[in-house]
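Let's go through a model together, one feature at a time.

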Amino acid sequence: MTSTSQAGTSGPCFLGIDIGSLTVKSVLLDSQEHLLGRGVAPAGYGGQEAAAELVAQVLREAHAGDSVAYAVVTGYGRVLFRTADEEMSEISCHARGAFHLCPKVRTVIDIGGQDSKAIRLDANGRVVDFAMNDKCAAGTGRFLEVMAAALGLPVAEFGRLALQSQHPVSISSTCTVFAESEAISHMARGVAKQDVAAGLHRAIASRVLGLAARVGLEPEVMLTGGVALNRGLVLALEGLSGQRVTVADDPQVVGALGAALYALHKGRR
Amino acid sequence: MAEKRYKKLKTAVELQRLMQWHYASARYLRLGRPLAWVTSGAPVEILRAMGIAVLYPENYAALCAARQPAPTLCQVAEARGYSQDLCSYARTDLGSAFDPAYAPMQGLPKPDLLIACNNICGTVVKWYEAMAGYYNVPLFVLDTPFIHDQVQESMLSYVAAQLEELVRFVERATGHRLDMARLSEAVRVANETTALWGEIRALCKSRPSPLNAPDLFVNMAPIVVLRGSHSALRFYRNLKAEVEERVRRGVGAIPEEKYRLLWDNIAIWHHLYRFYNYFADCDACFVVDTYTGGWSQTLPEGEPLSGIAAAYATVFLNSSLQYRVECMVRLIQEYGVDGFVMHCNRSCKPYSLGQYAMRRAVMERTGVPGLLIESDMCDARSYAEEPIRTRIQAFMESLAARA
């Protein structure tokens with residue numbers, strides 16, 4: 001990401017807000033695309049209140065006051081968030097954010113709380129094609145949360161544990177509820193926790209790669225969204241696809257960054 | 001509110017009256033005529049010529065979806081052991097038969113005979129077998145071999161031979177005989193009507209398009225259920241005049257047409273206006289579709305039964321994916337289409353299977369982007385509002401970025 005500006009916020013600034021199902025994210029840019037502030041907070045009920053608080057906090061920390069010239073909101077809570085000037089889809093925002101971070105990116109994989117998506121970009125960063133998960137929570141952040149809970153682990157620990165496995169079990173079901181039953185039956189049979197964890201990571205990775213195959217997995221592949229912080233999943237994706245997967249810097253806010261870049265572009269006009 | 005943004009056709013009143021008359025007359029005004037329930041791809045001209053009244057359970061199921069009770073009727077069928085993976089037309093109709101109290105118009109009047117043609121899918125065979133058992137009435141299954149590449153002469157003679165059997169079946173079941181002069185007349189009227197429907201669809205090549213997908217879906221009802229009747233012929237003459245008038249005056253179906261889209265698969269009947277208005281809000285109009293064109297094919301000249309065999313054996317859904325890709329590519333070129341939307345319809349397996357491959361093939365051939373939307377034609381429980389809205393928005397943003 002463009003380096004954080006120390007200069008303060010005399011000019012107009014541009015706000016991107018991403019209201020997801022699990023977390024809200026916000027990014028503030030100046031007119032030179034310099035990062036003035038960013039923040040992530042749990043979404044709570046509906047995300048609207050959490051987003052408003054987060055935006056206030058980001059503006060306060062950046063000493064930006066009321067200098068926001070334009071704001072774009074994305075994510076599932078976008079429709080109700082009236083503070084923003086415009087709403088845009090997560091596809092456009094993640095594509096924009098990822099391309100800004102690395103113009104060599106041609107495939108963006110975003111694993112969010114409710115949705116996972118694969119986006120193919122052209123050399124100009126335009127969205128050529130995209131695919132999203134079907135009506136099923138398998139292959140999403142929610143899946144990982146549920147499975148971590150089934151193993152009695154915090155989400156962060158869950159990914160680390162998977163890395164220690166030598167013999168990952170096979171989890172055949174792609175349904176979150178059925179996969180959980182499958183994992184529990186493996187545990188009941190005395191399979192080591194790390195092997196179950198690794199099996200679950202492989203299941204989610206194979207699901208996401210199936211999605212990505214619909215748009216073509218062209219290098220360079222970038223992973224965005226909070227799930228990108230899970231090292232176990234990144235390695236499972238690389239292992240199964242045979243491709244290098246770049247993790248975005250600060251992957252959780254890539255959608256909000258894209259929204260802020262759109263805000264800058266639109267606000268300037 | 002969404003509906004109000006929609007430019008209503010003047011013929012809408014006539015359409016409504018025509019369809020009400022269709023359903024009411026099948027119940028109250030049959031004048032001694034036997035009643036057949038048939039699939040949408042059955043050779044109805046023969047039945048008209050034999051003086052048989054005809055109802056289409058598929059059309060009735062769509063009506064149940066538009067008026068909302070379809071999921072309840074599906075659940076009635078599911079409670080009797082029919083799988084939720086079964087076609088929602090079948091579940092809705094079976095549900096309306098099992099428990100008419102939940103069904104619009106108290107369900108359909110009981111049939112005297114059933115005719116299923118598997119040119120549209122294999123489900124109809126088992127579905128109609130179930131109904132034949134339930135009502136204890138005779139069933140005729142017309143088998144049309146799937147066309148993997150080319151139509152073979154043997155396929156057509158196989159189907160034509162079955163049509164002769166169909167005539168004997170109806171004669172046995174009802175005592176009505178086939179009058180060849182009436183058959184030629186029914187074919188003539190059907191052909192004139194389907195030609196008009198084809199011409200109406202072709203008028204949508206104009207910019208702006210005079211009709212949008214919901215117009216096509218709503219106005220296709222008579223071509224399906226009243227094909228070969230004089231009342232349908234009159235209706236399509238009037239509809240064509242009105243659509244021509246829109247073209248002459250440069251009136252579009254939506255307020256501002258910026259993007260022209262193609263639709264693939266059966267309509268989402270339960271969210272008809274709401275769903276297509278998401279596109280209209282982005283100035284996108286569906287100018288053509290692969291579905292309603294299924295009833296614009298005229299029957300070949302010559303001996304009626306072999307002409308009917310040739311037409312019904314070669315419908316869109318009875319043909320290979322390659323053929324369907326060719327059709328989509330041709331329509332995209334002819335109608336100046338900017339993008340296409342495929343409804344991945346949980347119910348309709350033959351229509352939805354292979355859509356990922358078709359989408360890729362059409363995109364490669366035309367350079368035009370395509371979107372896949374998951375839903376179901378009748379069962380509103382398979383419609384997820386927010387994920388659908390997100391996909392439409394992303395697709396329309398990517399179309400705008402291309403412009």
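Q: Before we look at any residue, what makes two residues count as in contact?
A: Two residues are in contact if their C-beta atoms, placed from the backbone, lie within 7 Å. Keep in mind that this is a predicted model, where local features need pLDDT of at least 70 and side-chain atom pairs count only at pLDDT 80 or more, while totals for chains, interfaces and linings use all residues. Residues are numbered from 1 along each chain as its sequence is written, and chains are lettered from A and ligands numbered from 1 in the order in which they are written.

Q: Which residues does A:Gln243 touch, leaving out those up to four places away in sequence?
A: A:Gln243 touches A:Leu217, A:Pro219, A:Val221 and A:Glu238. As for A:Val208, its C-alpha atom is separated by 14 Å from that of A:Gln243, 35 residues apart along the chain.

Q: Where is A:Gln243 found?
A: Helices (H or I, at least four residues) and strands (E, at least two) are DSSP runs, numbered from the N terminus. A:Gln243 is found in the loop between helix H7 (231-241) and strand E10 (245-247) of chain A.

Q: Why is A:Gln243 partly exposed?
A: Burial is a neighbour count: a residue is buried if 20 or more other C-beta atoms lie within 10 Å of its own, exposed if 12 or fewer, and partly exposed in between, with C-beta atoms placed from the backbone. A:Gln243 has 16 other C-beta atoms within 10 Å, so it is partly exposed.

Q: What is the domain assignment of chain A?
A: Domain bounds come from an automatic or database domain assignment. In chain A it gives domain 1 (13-96 + 253-268) and domain 2 (104-247). Taken over C-alpha atoms, 26 Å separate the centres of these two domains. Their contact takes 11 residues from domain 1 and 14 residues from domain 2 of chain A. H2(A) gives the largest share of the domain 1 side, 5 residues.

Q: How many residues does each chain give to the contact between chain A and chain B?
A: Chain A gives 14 residues and chain B gives 13 residues. On the chain A side, helix H2 (90-101) and strand E8 (127-132) are the elements with two or more residues, and E8(A) has the largest share, 4 residues. For residue classes, Ala, Val, Leu, Ile, Met, Phe, Trp, Tyr, Cys and Pro count as nonpolar, Asp, Glu, Lys and Arg as charged, and the others, Gly among them, as polar. The chain A side then has 6 nonpolar, 2 polar and 6 charged residues.

Q: Why is chain B as compact as a globular protein of that length?
A: The radius of gyration is taken over C-alpha atoms, and the globule rule is 2.2 Å times the number of residues to the power 0.38. Chain B comes to 17 helices and 8 strands. Its radius of gyration is 21 Å, close to the 22 Å that the rule gives for 403 residues, so chain B is as compact as a globular protein of that length. Of its residues, 47% count as buried.

Q: How is chain B divided into domains?
A: Chain B has domain 1 (2-180) and domain 2 (181-402), with 21 Å between their centres, taken over C-alpha atoms. In the contact, 54 residues of domain 1 meet 54 residues of domain 2. The domain 1 side has 33 nonpolar, 11 polar and 10 charged residues.
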